[in-house]
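Work through the exercises below with the sequence and the model in view. Try each task before reading its solution.

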Amino acid sequence: MIDFPTLDSFGTDPWWLVAVKAVAIFAFLVLTVLVAILAERKIMARMQRRLGPNRVGWHGVLQSLADGVKLALKEGLTPAGVDKPIYLLAPIIAVIPAITAFAVIPFGPSVSVFGHHTPLQLTDLPVAVLYILAITSIGVYGIVLAGWSSGSTYPLLGGLRSTAQVISYEIAMGLCFAAVFLLSTTMSTSEIIGSQHRHWFILLVLPSFLIYAISMVGETNRAPFDLPEAEGELVGGFHTEYSSLKFAMFMLAEYINMTTVAALATTLFLGGWMAPWPLSLIPGANSGWLPVLWFVAKVWVFLFIFIWLRTTLPRLRYDQFMGLGWRVLIPASLAWVMVVALIRAATMNSSDTTRTLILVVAGVVATAALLAGIVRAMRPPAEPERAPAATAAVGTVYPVPPLPAARPAAATPVPEVTNA
């Protein structure tokens, strides 16, 4: 039998066990960032038929650690004209919320640690998912303040883009959570996993998962949504004026945020730490410390997709990016939440199998419509028809002067010949 933690399982651990959990989560995040940076460079090199890092350590396995030490030992430069207190505080604001958001992420079921029966989770809240959404929103202030305090044009543009990005995509993301709340009747992360013991929510609310997967790429400023950085047009975006350890803190926050949104997607839609089928049929697959392996494996599937997208897709134009959020994802999220609410109300007295079949069929139809809307939003606008050159100057939307070939030839004067 699977030992699913509940809200009553928290708040009874001794202080030293809470401290051990906190240190273990911090170590997990730092180690994941080091491995993710190396894996990103290796995977991108493999996809682009290159070698990637292969000098520091065995096949370059120590390259991330060497880069971190190099950044920490570099001279920290502070440009003249910056708002120094905010300039120094911005990297801290970006990193701390990224780490603290992991406090309510479940790693596994309840286990025995030195005689204490405790969940593999630091803590849980009745509104744990909303806590994650709020705390990650605070981290965006680090990007906004970094761009504003630098006193430079391009970082300021990166900070403004980040503000618009968060407003656009957090609305769609929050509506995705609403569909999960309707099915699980809770906002606690541990209890949401417990409500998926029969069916993972990716099967029941597939459109919500798809919208969340797109929104989490925008939330983490990753390609093709890396508009706050946009090296090709903003030099480096919000962190152009940062160097040394302060720059490393922004990179640390970005990769920790990637891990956080991947862990949240695993918790809400992929059954959290529960083993996938058919491994779930193995006795003991969902008990003890083994579920930590399933959880980490699911998180790394999302991290690989992050890397794959960066290697494959070009950056979107800003109008495409905003149009996708406001014209497609937000209306689709709102419509899908209404559909889930109607199905739940209509099948209140029906069996669980009937409700599941109706949700699966409705989800497939809504997903097809959503993909069609995304393709239509990404399609380039049709060019207006141009009038022939002879009539281009008259009655067209964009009047242009007539081409030289369309102008009437001027009469050439003939010189008079006189007899001497």
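**Exercise 1: the largest pocket**

By class, 17 nonpolar, 4 polar and 10 charged residues make up the lining of the largest pocket. Here Ala, Val, Leu, Ile, Met, Phe, Trp, Tyr, Cys and Pro count as nonpolar, Asp, Glu, Lys and Arg as charged, and the others, Gly among them, as polar. The model is predicted: local features need pLDDT of at least 70 and side-chain atom pairs count only at pLDDT 80 or more, while totals for chains, interfaces and linings use all residues. Residues are numbered from 1 along each chain as its sequence is written, and side-chain values use heavy atoms, with hydrogens and water left out.

Task: find which residues lie nearest the centre of the largest pocket, and which helices each supply at least two residues of its lining.

Solution. 
- Step 1. On a 1 Å grid over the protein atoms alone, a pocket is an open set of points with protein on both sides within 12 Å along at least five of seven lines, and a cavity is a set where a 1.4 Å probe fits but cannot get out; lining residues have an atom within 4 Å of a point.
- Step 2. The volume of the largest pocket is about 900 Å³, counted as the space filled by probe spheres set on the points, with grid points joined across faces, edges and corners.
- Step 3. Of its 31 lining residues, Ile37, Leu71, Phe247, Met251 and Tyr255 lie nearest the centre.
- Step 4. At least two lining residues come from each of α1 (15-47), α2 (63-73) and α10. Helices (H or I, at least four residues) and strands (E, at least two) are DSSP runs, numbered from the N terminus.

**Exercise 2: the cavity**

Task: state how many cavities of 30 Å³ or more the structure holds, and which helix gives the largest share of the lining of the largest cavity.

Solution. 
- Step 1. There is 1 cavity of 30 Å³ or more, and the largest cavity has a volume of about 320 Å³.
- Step 2. Its lining has 26 residues, with Thr136, Val140, Glu219, Thr220 and Asn257 nearest the centre.
- Step 3. Helix α10 gives the largest share, 8 residues.
- Step 4. By class, the lining of the largest cavity holds 15 nonpolar, 7 polar and 4 charged residues.

**Exercise 3: backbone exceptions**

Solution. 
- Step 1. Most residues other than glycine have a negative phi, and most peptide bonds are trans.
- Step 2. Phe114 has a positive phi of about 50° and lies in the loop between β1 (108-113) and β2 (116-120).
- Step 3. Ser244, in helix α10, has a positive phi near 55°.
- Step 4. The peptide bond from Ala223 to Pro224 is cis, as is the bond joining Trp277 and Pro278.
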